[in-house]
Amino acid sequence: MFYSKKLKKFKSIKHCFFSRKNGFSKDLYKSLNCGRGSKDKKKNIIKNLNFVSQKMLVNKDKLILMNQTHSAKVVEIKKNNYKKRINSDAIITKIKGLALGVVTADCVPVIIYDFKNEIIGCIHAGWKGASSGIIKNTVNKIRRLNSKNKIFASIGPCIGKNSYEVDLNFYKKFLTKSKKNKRYFSQKNKNKKLFNLRKFVSDKLKELKVKVDHVNHDTFKEKMNFFSYRRSFKLKQNDYGRCISVIRLI
């Protein structure tokens, strides 16, 4: 389990970037796989999510997860919708006693807190979501609830800049959006670049005047601690687990 030093100082919230340890799943999914979209046994995923709920000190029906699709959609969780299936890549709430979770396996989990207005949120930021506006949409949605705010974000474990190989088409696609995007790439060889997803997400938050800290771990390299889609793909495994990151208002 990993924590933001900054978020730890706020007494009105509880948060955690969970590792893959201390769960009930076996084999590929060993052990705290929280990915309901994986092919893991449902009973193990339920046990894992129950463990997370206990750690966050909430009832299991108060741990709110999303059906994530790499979109730019943000949903505010209210009393009338928290039990419904939520199709989005970010959620925010003002309701105390609810825990908001995001699952990742290389993508960036972002936990967000407006400490002036006691609004929490979490964001699933892969390259698709981040480049199509999920971060801006989330921050704007918080600011629409109250324009006088102080927003802080913690960027959790994700694929590291030296692990994220991309082809030249991927690189060119980013440059057509903006020439400034060149700064997120370094040369691997003549056919491959390395992409700094963490910095890409961090800069999007900073451009919106959000204060940021990092829980800086590479999910691809640290196989004992984290699941990784890319590592599983490289090993020709037919599926992969997901880690969970959670925040709640006390």
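**Exercise 1.** Leaving aside its neighbours within four places in sequence, which residues is S163 in contact with?

*Solution.* Before we start, note that this is a predicted model, in which local features need pLDDT of at least 70 and side-chain atom pairs count only at pLDDT 80 or more, while totals for chains, interfaces and linings use all residues. Residues are numbered from 1 along each chain as its sequence is written, and side-chain values use heavy atoms, with hydrogens and water left out.

- Step 1: Find S163 in the loop between β8 and β9. Helices (H or I, at least four residues) and strands (E, at least two) are DSSP runs, numbered from the N terminus.
- Step 2: Look for contacts, meaning heavy atoms within 4.5 Å. S163 is in contact with D218, F220, K221 and R230, with neighbours up to four places away in sequence set aside.
- Step 3: Check for a polar contact (a pair of N or O atoms within 3.5 Å; within protein, one must be able to donate a hydrogen and the other to accept it, and residues adjacent in sequence count only if both atoms are side-chain atoms). The side chains of S163 and D218 make one, at 2.6 Å.

**Exercise 2.** Which residues of α5 are buried, and how are they arranged around the helix?

*Solution.* 

- Step 1: The buried residues are F170, Y171, F174 and L175.
- Step 2: Seen down the axis of α5, these residues fall within an arc of 135°, so they line one face of the helix. The arc is that of the directions from the helix axis to the C-beta atoms.
- Step 3: The face turned away from the buried side carries the exposed residues N169 and T176.
- Step 4: The buried residues of α5 pack against α3, β9, β10, β11 and α6.

**Exercise 3.** In what order do the strands of the 6-stranded open sheet lie?

*Solution.* 

- Step 1: Two strands pair if DSSP finds at least two bridges between them. The order is β3-β4-β7-β6-β8-β12, with mixed pairing.
- Step 2: The edge strands, each pairing on one side only, are β3 (74-77) and β12 (211-214).
- Step 3: Zoom in on β4 and β7, which pair in the antiparallel sense over 4 bridges. Here T93 stands opposite I120 in β7.

**Exercise 4.** Which residues touch the most other members of the largest nonpolar core?

*Solution.* 

- Step 1: A nonpolar core is a set of buried Ala, Val, Leu, Ile, Met, Phe, Trp, Tyr and Cys residues joined through side-chain atoms within 4.5 Å.
- Step 2: In this core of 36 residues, F195, V201 and L205 touch the most other members.
- Step 3: Elements that give two or more residues to this core include β4, α4 and α5.
- Step 4: A second, separate core has 28 residues, among them I86, I95, L100 and A105.

Note on methods:
Buried < 20%, exposed > 50% of the residue type's maximum accessible area, 1.4 Å probe, protein only.
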